[in-house]
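Please keep the sequence and the model in view while reading.

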Amino acid sequence: MQIIVVGCGNVGSTLTEQLSSEGHNITVIDVDNRKLQNLVNSNDVMGVIGNGVSFAVQKEAGVEHAHLLIAVTGSDEVNLLCCLIARKTGGCHTIARVRNPIYSMEIGYIKEELGLSMIVNPEFTAAQEMARLLKFPSAITIDTFTKGRVEVVKYRVGADSVLCDQSLQQINSRLKADVLICTVERDENVYIPGGNFIIRERDEISIVGTTQKTLAFFKKLGAAVTRARNAMIIGGGETSYYLARQLLAMGLQIKIIEIDKERCEELSELLPDAIIIHGDGTDRNLLMQEGLMQTEAFVSLTNVDEENIMLSLFAKSLTKAKLITNVHRISYDEIIDSLDIGSIIYPKYLTAENIIKYVRAMDNSLGSNIETLYRLNDNRAEALEFYIKEGSPVVGIPLQDLPIKPNILICAINHRGTITIPGGQSIIQVGDTVIVVTTNTGLNAIGDILK
Amino acid sequence: MNYSIIRYILFRVLEFAAIFLILPCLVAIIYHEKAGFAFAAVMVLCIVIAEIGKQWKPKSNVFYAREGFVTVSLTWILLSIVGALPFYISREIPNFVDALFETVSGFTTTGGSILSDVESLSRSVQFWRLFTHWIGGMGVLVLIIAVLPLSGGYNMHLMRAESPGPSVGKLVPRVQSTAKILYGIYIAITLLQMLLLIISGLSVYDSILLSFSTMGTGGFGILNSSAGSYSIPSQVIITVFMILGGLNFNVYYLLVVARKPKEAVKHEEARVFILITLIASVLITLDIRGYYSSTALAFKDAVFQVASMGSSTGFSTTNFDLWPSFSKAVLFVVMAIGACAGSTGGGLKVSRLMILVQDAKHELLRVVHPQILKKPHIEGRAVEEETLRSIQSYLMMYILIYIASFLILSLDKYDFTTNFTAVMANINNTGPGFNAVGPTCNYGGYSVLSKLVLMFDMVTGRLELLPMLILFSPSTWKKY
């Protein structure tokens, strides 16, 4: 597809990199020559210098032939105007990033009236993701398929877990849970495990199953499945506000520590049910005084990545609370991951992922038949959902007879809303959707899984 | 510096060299010439080395501007040596340095020869000589980019290092598609010229070879008289296509692919190039009118010669060395300016000149208004400070190389004009100079040292200085 990306900040460059590597033709527009040069030098994309709102600049970037324009500059208004102009001249799909909470109340109206295909809000997305994690504290990440009916949950095996030093066959016969361990990440390597694979301590395993089944599986494991009853949030930015609103609706007690007096007052007006503390969230005494020891969930959401990481490390040393850390800069993710501080949220990455999901769905209507795609374990494995069309080569043959390539696992079959974790006898039918996990990236159609 | 990836690409280049060598082999088969064995032998050698070397996969895919520059210059050196082997093995050019000179002159589209009698060459050797022009015109790495799916962002570094012009941009988001479009246009125009030359009465073989030479803005001829003995229609066709070869290929992209004829017509660099060609032709016509029976004939030769020197082709229809001084001076200036950026021609490039002239004008304005802020503009956009700086240092390096080459050449037996214009003709990839290296003469008389210097000038000029110069900078070769 021909895609125009306006703005090459963090989200813009992540998007550009990913979409270009997926085979789309990308043109990037930005006012900053240097930033643009950097991006163009490291990726096979074209750059156009100028203001993306300008009709002439958009035309130069080829808006007339573009399928999609994604506006992710720092300003909401610029993004909306970009999309509006592109929509009128090119008639292409448009995606805008709009983050101001004032607009977010009217997002539906704006989207409808301006003819936008999608509006993304990084803070809101991040908050949503955090809320989901707090519902299910054992998980590191949760991805959903088939409109939320199937989940892929990533979980780190602790030293005292019953999974330790067990082969998958043993685990299956002992726990009798109808879930599938689809990937195991161990020391930088990602495995698609077979029946004899033995799980070790500190492995990060991804588990596929329906929401109830995975919950049952974790119960049998004895891992914490009850959700937290209270949460302490450090920093009172937009994300905190969105998160607190969602958590309050779930019935959690919320405590927000914010350093800015005015913002505290604002928050106390917006969130009357939350406890807003005016103070420095990095102050050790304050944290203790506000009951850090008793908190069941600890979310660090200050604007400084380093502070967030330090806070989480501190909380980890004192409590068993579920930790969530917000990190803006994507560059050092593998180092942060190695610190073992629970769930790390990269709002910019999430935003990019959301947009990419939309692009894939669009691409779907133009050819390939991927419904959803998640990158697992830092892009080294993918979970894909395929829609099975008439005449597909996998239809009607028991899975054990299909010549499936190595490192590919069919994790779930959705047959008219019924999810099954397939065995050797299972048969895929037309109209099903199938979830496949693989370390061979770049699958485009279900036929690609066959030898 | 990532040596392994450079090594890997060089083996792929050898593979392509083998593919190129298939063509002269076919010609040899058609005309039953035993020179074909020389081509076949070199081809087999290339295939064997490439196939073995390709198994040796690169250790890492790290590829930055530095790797791009070094790869491009090494590619050109390698290709020149491989290309010279058939000449040498077939004994048609028995001296290896001469064979190398001829090949370098071919690939760099210079067209200056060391042969005094080109008509005595066998047809397959003649074919290879002119085909090198065609490959070198658009660039071999651009072709490799167009054909091979090289992963990663590194193909842009290659394209930037090989394509001429102050700032190399893409036509479409993907480098590979850009390279494909460029070669598509190139092939289409070449075919068109072949067709027109055949219609004008030339033999098919001659038409094909002349088209290679013209579109690559090379200048090797098939006859000792260069283009002088062809019919007037053929000469006119060659004139037009020399100018077409010297135009910025963006014009054709806008015209044919993007279908924006208005923007194509407004292309500033192309306009200035054509304007320079016209003015120079008129000046020379006025100057040489007396030597001809009619002004029209004088104009025909003037345009041909200006187009030939301006586009850096180097054909001649007449011995322009006998023209009056003023005409020769005009030709020299046209030669120095050269063709457009993004064309197959050489020289300083029209766009560089346009930017430098504007910059000089602004410098004068700065005396009157010391606080003035002004940037040169080209194609309706301001030139970035960095581009301007790189053009200024380009000019300086160009002059330094020129002076150094000229000094070394002066050790040889020839006079001042010969040496001075020889350097110009080689660094600008034009071909003929004046006096002893004029259109009816050749470079065969120079010593080995002078030939090496001129070869260096040709490759350096074709690759726009930096890729070759960077080979001599010690920090390039450090791993860290």
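Helix H10 (residues 238-249) of chain A lies across strand E14 (230-234), E15, strand E17 (297-300) and strand E18 (322-326) of chain A, and runs at about 165° to E15(A). Helices (H or I, at least four residues) and strands (E, at least two) are DSSP runs, numbered from the N terminus. Angles run from 0 to 180 degrees between N-to-C directions, and axes are lines fitted to C-alpha atoms, for helices over the stretch in contact. The model is a predicted one, in which local features need pLDDT of at least 70 and side-chain atom pairs count only at pLDDT 80 or more, while totals for chains, interfaces and linings use all residues. Residues are numbered from 1 along each chain as its sequence is written, and chains are lettered from A and ligands numbered from 1 in the order in which they are written.

The sheet under discussion is open and has 6 strands in the order E16-E15-E14-E17-E18-E19 (chain A), with parallel pairing. Two strands pair if DSSP finds at least two bridges between them. Strand E16 (275-278) and strand E19 (343-345) of chain A are the edge strands, each pairing on one side only. From one strand to the next, the twist averages 15°. Strand E15 (residues 253-258) of chain A runs parallel to E16(A) and is joined to E16(A) by 4 bridges; the bridge partner of Glu258(A) in E16(A) is His278(A). Helix H13 (residues 305-318) of chain A lies across E14, E17 and E18 of chain A, at about 170° to E18(A).

## The antiparallel sheet of chain A

A further open sheet of chain A contains 5 strands in the order E7-E8-E13-E10-E11, and the pairing is antiparallel.

Strand E10 (residues 180-186) of chain A pairs with strand E13 (residues 204-210) of chain A over 5 bridges in the antiparallel sense. Which residue of E13(A) is the bridge partner of Thr183(A)? The partner is Ser206(A). Helix H9 (residues 211-221) of chain A packs on the sheet and touches strand E8 (150-156) and E13 of chain A; the direction of H9 makes about 135° with that of E13(A).

## Domains of chain A

Chain A is assigned domain 1 (2-120), domain 2 (146-221), domain 3 (230-349) and domain 4 (368-449); domain bounds come from an automatic or database domain assignment. The C-alpha centres of domain 2 and domain 4 of chain A lie 19 Å apart.

In chain A, 16 residues of domain 2 are in contact with 18 residues of domain 4. Two residues are in contact if their C-beta atoms, placed from the backbone, lie within 7 Å. On the domain 2 side of this contact, E8, E10 and E13 of chain A each supply at least two residues. By class, that side has 8 nonpolar, 5 polar and 3 charged residues. Here Ala, Val, Leu, Ile, Met, Phe, Trp, Tyr, Cys and Pro count as nonpolar, Asp, Glu, Lys and Arg as charged, and the others, Gly among them, as polar.

## Helix pairs of chain B

Two packed helices are described by the angle between their axes and the distance between the axes. The axes of helix H1 (residues 3-30) and helix H2 (residues 36-54) of chain B come within 8 Å and cross at roughly 160°. H1(B) is therefore roughly antiparallel to H2(B), a term for angles over 145 degrees, whereas those under 35 count as roughly parallel, 65 to 115 as roughly perpendicular and the rest as oblique. The residues of this contact divide into 18 nonpolar, 2 polar and 2 charged.

The axes of helix H8 (residues 175-199) and helix H10 (residues 232-246) of chain B come within 10 Å and cross at roughly 170°, so H8(B) and H10(B) are roughly antiparallel to each other. Ile189(B), Gln193(B), Leu196(B) and Leu197(B) in H8(B) meet Ser234(B), Ile237(B), Phe241(B) and Leu244(B) in H10(B). This contact has 6 nonpolar, 2 polar and no charged residues.
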